[in-house]
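Q: I'd like a close look at one part of this protein, the space inside it. Could you walk me through that?
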Amino acid sequence: MAQKTPKALVAGNWKMNGTTASLKEARLLAGMLKDVRLKCEVMICPPATLLGAITTVVKGAKIKLGGQDCHWQAHGAHTGDISAEVLADAGLPGLLVTTPVVTPSMVARLTLAAEKADGFMVLVDSLAGVEAFAAHARRDRPIGVLMGIDMGMGRDGVASAEEAISLAE
């Protein structure tokens, strides 16, 4: 079976920005994209509190809906957090895990969560991260891998163009 080349993805992670008033922005985006031939996929990742309402807003639109800010644990007393498993169980077609996850137990757990969500993606910033997910990859259930780039905050991500090119190769 020939491997299908994935489309580019433009994703907007809303972080902690978004109340029900933000639904108008999603509605506006859906309208703007209605008659446009897209060369990429579009995904928005609003706060978990908006997922139910925004599902209705983007239904039938050229916008994928994703979860954001997933905690690395599957469950527990982590006030204010939500796990990838909970978001996958809610039926989201996309999950974006942005914290670089490279421990074997985390990779194994997130690989299982990917079984429940189409469009599951992880952010990596090292060869170790790429290799960890490649070791768990299945042809019939791919995991999208995005490269994290440090935008000057010094938190995570590759820090230079050279690092980015090396990791991409």
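By this rule, how many cavities of 30 Å³ or more does the count come to?

A: Before we dig in, this is a predicted model, where local features need pLDDT of at least 70, side-chain atom pairs count only at pLDDT 80 or more, and totals for chains, interfaces and linings use all residues. Residues are numbered from 1 along each chain as its sequence is written, and side-chain values use heavy atoms, with hydrogens and water left out.

Now to your question: the count comes to one cavity of 30 Å³ or more. A cavity here is a set of points, on a 1 Å grid over the protein atoms alone, where a 1.4 Å probe fits but cannot get out. The largest cavity has a volume of about 30 Å³, a volume being the space filled by probe spheres set on the points, which are joined across faces, edges and corners.

So who's around it? Lining residues have an atom within 4 Å of a point, and for the largest cavity these are T111, A114, E115, H136, A137, R138, R141 and I143. That lining divides into three nonpolar, two polar and three charged residues.

A salt bridge is a side-chain nitrogen of Lys or Arg within 4 Å of a carboxyl oxygen of Asp or Glu. The whole structure has one, and E41 forms it with K64, their closest N and O atoms being 2.8 Å apart.

Technical notes
1 Å grid on protein atoms, 1.4 Å probe; cavity = no way out; pocket = protein on both sides within 12 Å on 5 of 7 lines; lining within 4 Å. Nonpolar A, V, L, I, M, F, W, Y, C, P; charged D, E, K, R; others polar.
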